[in-house]
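Below is a short note on the sheet, its crossovers and the surface beside them. The points are numbered for reference.

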Amino acid sequence: GVGKVILLGVVYNIPTPEVIQKLKNLNLDLIIHCGDYTDVNVVHQLQALGQFCGVAGNMDSPEIKNMN
């Protein structure tokens, strides 16, 4: 049988407001972020887009690194 198509977005480093808006417009099933948010608000903005997972990078604060 044919499986389900999943739209996946992968980003890294600091997503700009323009990138976050583009991700929102794509209506992705899952967003993966590969580090360096640099601001906790970026984490919250990505979480607000839907299914999201990511890892902190070397430029991220302890606050971000300790988020679940």
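1. Patches here consist of residues with over 30% relative accessible area and no salt bridge, where like charges are joined within 9 Å and nonpolar side chains (Val, Leu, Ile, Met, Phe, Trp, Tyr) within 5 Å. A salt bridge is a side-chain nitrogen of Lys or Arg within 4 Å of a carboxyl oxygen of Asp or Glu. Accessible areas come from the Shrake-Rupley method with a 1.4 Å probe, and for residues only the protein chains shown count as cover. On these terms Ile6, Leu8 and Val10 make a nonpolar surface patch of about 290 Å².

2. The model is predicted: local features need pLDDT of at least 70 and side-chain atom pairs count only at pLDDT 80 or more, whereas totals for chains, interfaces and linings use all residues. Residues are numbered from 1 along each chain as its sequence is written, and side-chain values use heavy atoms, with hydrogens and water left out.

3. Helices (H or I, at least four residues) and strands (E, at least two) are DSSP runs, numbered from the N terminus. Two strands pair if DSSP finds at least two bridges between them. The open sheet has three strands in the order β1-β2-β3, with parallel pairing. β1 (8–11) and β3 (52–55) are at the edges with a single partner strand each, so one side of each lacks a neighbour in the sheet. From one strand to the next the twist averages 10°, with axes as lines fitted to C-alpha atoms (for helices over the stretch in contact) and angles from 0 to 180 degrees between N-to-C directions.

4. Four bridges join β1 to β2 (residues 30–34). Leucine 8 has leucine 30 as its bridge partner, glycine 9 stands opposite isoleucine 31, and valine 10 is partnered by isoleucine 32. β2 and β3 also pair over four bridges; here isoleucine 31 stands opposite phenylalanine 52 and cysteine 34 opposite valine 55.

5. Which residues lie on the covered face of β1, and which on the uncovered one? Gly9 and Val11 are on the covered face, Leu8 and Val10 on the uncovered one. In β2, Ile31 and His33 point to one face and are buried (under 20% relative accessible area; exposed is over 50%, partly exposed in between; 1.4 Å probe, protein chains only).

6. Isoleucine 6 belongs to the segment before β1 and counts as exposed because its relative accessibility is 55%.

7. β2, helix α2 (residues 40–47) and β3 make a right-handed β-α-β unit; right-handed means that, with the strands pointing away from the viewer, the path from the first strand over the helix to the second runs clockwise.

8. Leucine 49 sits in the loop between α2 and β3 and, at 25% relative accessibility, counts as partly exposed. Leucine 49 is 21 residues from leucine 28 in sequence and 8.4 Å from it in space, C-alpha to C-alpha.
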